[in-house]
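Welcome, and thanks for taking a look at this one.

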Number of protein chains: 2
Amino acid sequence: MENSRPSSKRFLDIVSDLRTIFKEEGAGIGDKLPSERVLADRLQVGRSTIREALRSLELLGLIETRRGEGTFLADYKKHQLVEILSTFIMQHPQSIRDVDRTRKIHEVAAIELVANHAELRALPVWESFLSKLEEAEPVIREDLLQEILVVAGNRLSLKIWFLLKQYSRVPFHEAMTENEREMASNLLKNMRAGNGQQAVADYAGWLELVNEERRGELEC
Amino acid sequence: MENSRPSSKRFLDIVSDLRTIFKEEGAGIGDKLPSERVLADRLQVGRSTIREALRSLELLGLIETRRGEGTFLADYKKHQLVEILSTFIMQHPQSIRDVDRTRKIHEVAAIELVANHAELRALPVWESFLSKLEEAEPVIREDLLQEILVVAGNRLSLKIWFLLKQYSRVPFHEAMTENEREMASNLLKNMRAGNGQQAVADYAGWLELVNEERRGELEC
DNA sequence: TACAGGGTAGTGGTCTGACCACTCAAGAAT
DNA sequence: ATTCTTGAGTGGTCAGACCACTACCCTGTA
């Protein structure tokens, strides 16, 4: 099955094979992987080929290599690829638009899901966010949306979202402005009330607001 | 200037240096880049180091290499990125459920988008599908949904959907049953009428139908 | 002149073997 | 018991050699 098609790019097959090996080893996050020399021997390829595959995975943030120690399954946190991609790809308008749209798709879906499940929308965490918003405590945009995604319980969607978030031009890391706080507050209230449609509308308004403010900044 | 910080990862610096070179050359999409040997000479590093950097960029879909021809600045449309990440994600296969859900998220988003844009829902392709459905011509489930995704125009979403489809337990390749034809027909009609909500409801009903029938099969 | 063919230089793909720099831990010296 | 030395193992890098493939020039032919 696997090696039926010796594609002209061996290192791509290797990436796939490595995945299989890691799985067989039952490797979890942070675990040490076989050394490059061992892998080369086991897969019957040169060490340089193994290295090309590993470097790719490293740039993607899937593994972590430490000189003198070894190679480890990474915590999916710090992808180096963010800055790389942003300088290469992000100029392309179609890509930017699609990334933003797709991110939005996942966010909307999560909001609706939470709003439609009584046990989820009743969670105390929403109240906590609401009180923060009303008491003018700083709230990071990212944190609220992330919480919604997490509660929605679709881990795949969450992972995709994490990825898209990093490519997005929306300034996710900043704290909300005064106007935003009100929109976000409405969003939460409607979501908690089970009014998914209105919550999504609030979300759309919120996004618009963020984009407007951003546009204003650029003009200065 | 460049090598002020000899970070222990030379190949990461190279990635950065390569970007500079490409920019200096004024390279646009599809342009040929200097050969590996030339780059190695110019940056005063070994060819293998250059290659590790290039392979990373290739996996990200930023460049394209063709044996015997050379290396080219890639068309950004086809990143390998999504594939690689997904295969890694799939290895934590705690939930095929998430795959189905996420696929559904993208399908719903596409249906709503088409329904909300007059120029998209007026496309003749929908009429074509409708007549096929009513005249009992075979229609593959996959084809209809794919068309919707394509028309929606979000390439990233489409790409993710293609991927998820492969891992999905829903039998996408089969032709629709009689009951399904009616649901799908309703979906199309509502979508064309700009009634996104009802279209999504039809879609949900359709999915339920498919799952029920599938359950029936398994019991046999 | 026009065309078909072969040859060749250049390219990416891979392997090998050799160093280097670094980490860690076992074992030696104190 | 503590500290120091040393060596094995690791990733990082390099140079050189092939291979397979492509493009293109340059023949020889029609």
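This is a predicted model: local features need pLDDT of at least 70, side-chain atom pairs count only at pLDDT 80 or more; totals for chains, interfaces and linings use all residues.

B:Ile111 and A:Ile111 are the residues with the most contacts inside the largest nonpolar core, which has 64 residues.

**Nonpolar cores**

- Besides the largest nonpolar core, with its 64 residues, there is a second, separate core of 28 residues.
- Among the members of this second core are A:Phe22, A:Ala53, A:Leu62 and B:Val15.
- As background, nonpolar side chains in soluble globular proteins tend to be buried together.

**A helix pair in chain A**

- Helix α7 of chain A (residues 124-134) packs with helix α10 of chain A (residues 178-192) at an angle of about 155°, and their axes are 10 Å apart.
- Angles over 145 degrees count as roughly antiparallel, and α7(A) and α10(A) are therefore roughly antiparallel to each other.
- The crossing of α7(A) and α10(A) is left-handed.
- On the α7(A) side, the contact is made by A:Trp126, A:Phe129, A:Leu130, A:Leu133 and A:Glu134.
- On the α10(A) side, A:Arg181, A:Ala184, A:Ser185, A:Leu188 and A:Arg192 take part.
- Sorted by class, the contact of α7(A) with α10(A) has 6 nonpolar, 1 polar and 3 charged residues.

**A helix pair in chain B**

- In chain B, helix α7 (residues 124-134) and helix α10 (residues 178-192) pack at an angle of about 155°, with 10 Å between their axes.
- That angle makes α7(B) roughly antiparallel to α10(B).
- α7(B) and α10(B) have a left-handed crossing.
- From α7(B), the contact involves B:Trp126, B:Phe129, B:Leu130, B:Leu133 and B:Glu134.
- From α10(B), the contact involves B:Arg181, B:Ala184, B:Ser185, B:Leu188 and B:Arg192.
- The classes in the contact of α7(B) with α10(B) are 6 nonpolar, 1 polar and 3 charged residues.

**Loop residues with positive phi**

- Most residues other than glycine have a negative phi.
- A:Gln44, which is not a glycine, has a positive phi near 60°.
- You can find A:Gln44 in the loop between α2 and α3 (47-59) of chain A.
- A:Gln44 is exposed, because 6 other C-beta atoms lie within 10 Å.
- B:Gln44 has a positive phi of about 60°, although this residue is not a glycine.
- In chain B, B:Gln44 sits in the loop between α2 (36-43) and α3 (47-59).
- B:Gln44 has 7 C-beta neighbours inside 10 Å, so this residue counts as exposed.

- B:Glu64 belongs to strand β2 (residues 63-66) of chain B.
- B:Glu64 counts as partly exposed because there are 17 C-beta neighbours inside 10 Å.
- Not counting residues up to four places away in sequence, B:Glu64 touches B:Phe72 and B:Ala74.
- B:Glu64 and B:Leu33 are 31 residues apart along the chain, and their C-alpha atoms are separated by 9.9 Å.
- A:Ser35 is in the loop between β1 (32-33) and α2 (36-43) of chain A.
- With 13 C-beta neighbours inside 10 Å, A:Ser35 counts as partly exposed.
- From C-alpha to C-alpha, A:Ser35 and A:Glu69 are 9.3 Å apart in space, while in sequence they are 34 residues apart.

Key
Residues are numbered from 1 along each chain as its sequence is written. Chains are lettered from A and ligands numbered from 1 in the order in which they are written. Axes are lines fitted to C-alpha atoms, for helices over the stretch in contact, and angles run from 0 to 180 degrees between N-to-C directions. Helices (H or I, at least four residues) and strands (E, at least two) are DSSP runs, numbered from the N terminus. Angles under 35 degrees count as roughly parallel, over 145 as roughly antiparallel, 65 to 115 as roughly perpendicular and the rest as oblique. A crossing is left-handed if the near helix is turned anticlockwise from the far one by less than a right angle, and right-handed if clockwise. Two residues are in contact if their C-beta atoms, placed from the backbone, lie within 7 Å. Ala, Val, Leu, Ile, Met, Phe, Trp, Tyr, Cys and Pro count as nonpolar, Asp, Glu, Lys and Arg as charged, and the others, Gly among them, as polar. A residue is buried if 20 or more other C-beta atoms lie within 10 Å of its own, exposed if 12 or fewer, and partly exposed in between; C-beta atoms are placed from the backbone. A nonpolar core is a set of buried Ala, Val, Leu, Ile, Met, Phe, Trp, Tyr and Cys residues joined through C-beta atoms within 7 Å.
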